[in-house]
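Hi,

Here's the structure I said I'd pass on.

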Amino acid sequence: MNEREGFKSRLGFILVSAGCAIGIGNVWRFPYMVGQNGGAIFVLFYLGFLILMGIPALTMELAVGRASGFTTMRAMKKLEKKGHKWHHFGWICFAGNALLMMYYTTVAGWMLAYFWKFLVGDFDNVGKEETGAVFDKMISNPTEMFIFAGIIIALGFGVLCFGVQKGLERVTKVMMIGLLLLIVVLAVNSIMLKGAGEGIEFYLLPDAAKAKEAGWTNVISGAMTQAFFTISLGIGAMEIFGSYMDKKSTLTGESVRIIGLDTFVAIMSGLIIFPACFSFDVEPDQGPSLIFVTLPRIFADMTGGRIWGTMFFVFMVFASFSTVTAVFENLVRSLMDNVGWSRLRSIAFNFVFILVTSIPCILGFNKWQNLKLIGGRGVLDSEDYIVSNILLPLGTVVFVIFCTWKFGWGAEKYLEEVNTGNGIKMSRRLIPYFKYVLPIMTFYVLIRGLI
């Protein structure tokens, strides 16, 4: 069996785990969800659900990983009672991570492509009304998309060739520090724009009228879903980092730090986007096109727009690539744990597998654009629907029940693991909430997503 390598430092664990959570959900999905759901009140509900749902669920994934020292399948096999079949859920986790990367690498490739376009000046002579045509031209070209997605995939697996400490941990530390510095600089620039105050007010001052206009049910459900989606819980993407942890710190304290970093990036992303939108009289509820059409339009109007656009998409590349490398590590380590392959053999297999299986997503925007799958969705939207609306909430229900009920691992063993070390302790009085209320809330996210 392959010798298991852990993190070199506690900071490395926190930054890699936060890097997995911090991604497109923070800087792409979160701002447009805020824009579509009434602004500041949505943000308040989002923060509340992170505390009520995100922190407990994250401690459970990390507890399973740290107590076992393995990825999900071998972890549950080690922790479950004799004769039980919880460990089969590990293959669903592997499939979920693989499916996530089949389309996430394409979107990360878009981020890299836009960084390159701003860097070399492709947007210098593009009018603000023509930025949408740049995006349309890119997605209509499968060769261009495959090249940029391929670069992301090759770099991601290339980092992992050096192992956990010298590859994943070292590179993610640099990216995360760079990301945090960039986001502060970009936010300050947006706040200093003329007319930015209206955007800050929309974003940070609660207005019940705006929430009512968006629909209170939509606001609350959207905040619950986003709080859940942003941490990528339910498919073992976070569980693996628990398996690399030492026993020096409690899991509640570490979960608070991870979610705190994740939330900081999401909130700061809003401070980049909303002041800029209001300053340049652009509606903030543009949906997914906000990043690739609306913001380039703003950069085209902005003094020094080429520099700010380049910096923004460096930030976006860091955010997406940190997730890519973290999830790739899950795929690589899963085969090492369960099949017994060496790291390099597992990397080679997963590299070819992800490279090939990303092609349908790429073709879904051009040669296969008329292909409709789940509910009339295209390829990317269908893949995202399965991961985000089904596997993430369903998987979290499995982790919660496994950690809190006697026919799983059990609440006593979960509490013992989560409270091992120095730091914030999880109260025993919360167990009834974890057993009965948290699964219902998570199941609601699943049903809401399906509907």
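Residues are numbered from 1 along each chain as its sequence is written. It's a predicted model, so local features need pLDDT of at least 70 and side-chain atom pairs 80 or more, while totals for chains, interfaces and linings use all residues, and side-chain values use heavy atoms, without hydrogens or water.

The largest pocket comes to about 1,100 Å³ (a pocket is an open set of points on a 1 Å grid over the protein atoms alone, with protein on both sides within 12 Å along at least five of seven lines; lining residues have an atom within 4 Å of a point; volume is the space filled by probe spheres set on points joined across faces, edges and corners). Of its 47 lining residues, Arg29, Tyr32, Asp381, Asp384 and Ser388 sit closest to the centre. Helix H18 (379–404) is among the contributing elements, and H18 gives the most, nine residues (helices are DSSP runs of H or I, at least four residues, numbered from the N terminus).

The second largest pocket holds about 170 Å³, and its lining includes Lys8, Arg10, Asp246, Lys248 and Glu254.

There are also two cavities of 30 Å³ or more (sets of points where a 1.4 Å probe fits but cannot get out). The largest, about 60 Å³, has Trp308 and Phe312 among its lining residues, with H8 giving the most, three.

Cheers

Methods
Helix = DSSP H or I, 4+ residues; strand = E, 2+ residues; numbered from the N terminus.
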